[in-house]
Amino acid sequence: MKYSIGDVLEIYFLDHVSTTNGIAEPLYCRVIGELVNLDKKAYYLASWLTQDNDHHNMDCHTILKSTVKSIERLRKKKG
């Protein structure tokens, strides 16, 4: 499925974990946000945006495509 900038996505992905004792298992995580950029390697989701989309006041998560387990589009781009 192709996603567009402005879509709201829910992504489940594996994150890294480190430990000082034993073996750490990958951490299964979830992020929900508006797709603000994408490229061959990653999705960029903003979970905090201002009304005027001022990118200096934005909370963004970069999720590597190689770690993605599933994606659900919660809302298509407005307009």
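So, Glu10 and Arg30 make a salt bridge, with the closest N and O atoms 2.9 Å apart. Keep in mind that we're looking at a predicted model. Glu10 is in strand 1 and Arg30 in strand 2, 20 residues apart, so the pair links distant parts of the chain. Is Glu10 buried or exposed? Glu10 comes out at 11% relative accessibility, and since that's under the 20% cut-off, Glu10 counts as buried.

How many salt bridges does the structure hold? The total is 2. Asp7 is buried, with a relative accessible area of 1%, while Arg73 is partly exposed at 24%.

Let me step back for the overall layout. There are 5 strands and 0 helices, so if you read along the sequence you get β-β-β-β-β. Of the 79 residues, 23% count as buried. The protein exposes about 6,000 Å², and carbon and sulfur atoms supply 49% of that. On contacts: take those with a separation of 6 or more, and 49% of them are between residues 24 or more positions apart.

Now the rings. We have 2 aromatic pairs. Tyr3 and Tyr43 have ring centres 6.2 Å apart and planes at 75°, so that pair is edge-to-face. Tyr3 lies in the segment before strand 1, which runs 8-15, and Tyr43 lies in strand 3, residues 42-48, so the pair ties together parts 40 residues apart in sequence. Tyr3 is buried, with a relative accessible area of 11%, and Tyr43 is buried with a value of 11%.

The other pair is Tyr12 with Tyr28: centres 5.8 Å apart, planes at 25°, so that one is stacked. Why does Tyr28 count as exposed? Its relative accessibility is 52%, so it counts as exposed, because the cut-off for exposed is over 50%. Tyr12, at 27%, counts as partly exposed.

Back to Tyr43 for a second, and look at what's over its face: Lys65 lies there, at 5.0 Å from the ring centre.

Which residues make up the largest nonpolar core? There are 10 in all: Tyr3, Leu9, Ile11, Phe13, Cys29, Val31, Leu35, Tyr43, Leu45 and Ile63. Strand 1, strand 2 and strand 3 are the elements that give two or more residues to this core. Notice that Tyr3 and Tyr43, our edge-to-face pair, are both on that list. As general background, nonpolar side chains tend to be buried together in soluble globular proteins.

Leaving aside neighbours within four places in sequence, Ile11 is in contact with Cys29, Arg30, Val31, Tyr43, Leu45, Ile63, Val68, Ser70 and Ile71. Arg30 there is the salt-bridge partner of Glu10, which is where we came in. That's my tour, happy to take questions.

Technical notes: Residues are numbered from 1 along each chain as its sequence is written. This is a predicted model: local features need pLDDT of at least 70, side-chain atom pairs count only at pLDDT 80 or more; totals for chains, interfaces and linings use all residues. Side-chain values use heavy atoms; hydrogens and water are left out. Rings of Phe, Tyr and Trp (its six-membered ring) pair if their centres lie within 6.5 Å; planes under 30 degrees apart count as stacked, over 60 as edge-to-face and the rest as tilted. Helices (H or I, at least four residues) and strands (E, at least two) are DSSP runs, numbered from the N terminus. Buried means under 20% relative accessible area, exposed over 50%, partly exposed in between (1.4 Å probe, protein chains only). A charge sits over a ring if NZ of Lys or CZ of Arg is within 6 Å of the ring centre and within 35 degrees of the ring normal. A nonpolar core is a set of buried Ala, Val, Leu, Ile, Met, Phe, Trp, Tyr and Cys residues joined through side-chain atoms within 4.5 Å. Contact means heavy atoms within 4.5 Å. Accessible areas come from the Shrake-Rupley method with a 1.4 Å probe; for residues, only the protein chains shown count as cover. A salt bridge is a side-chain nitrogen of Lys or Arg within 4 Å of a carboxyl oxygen of Asp or Glu.
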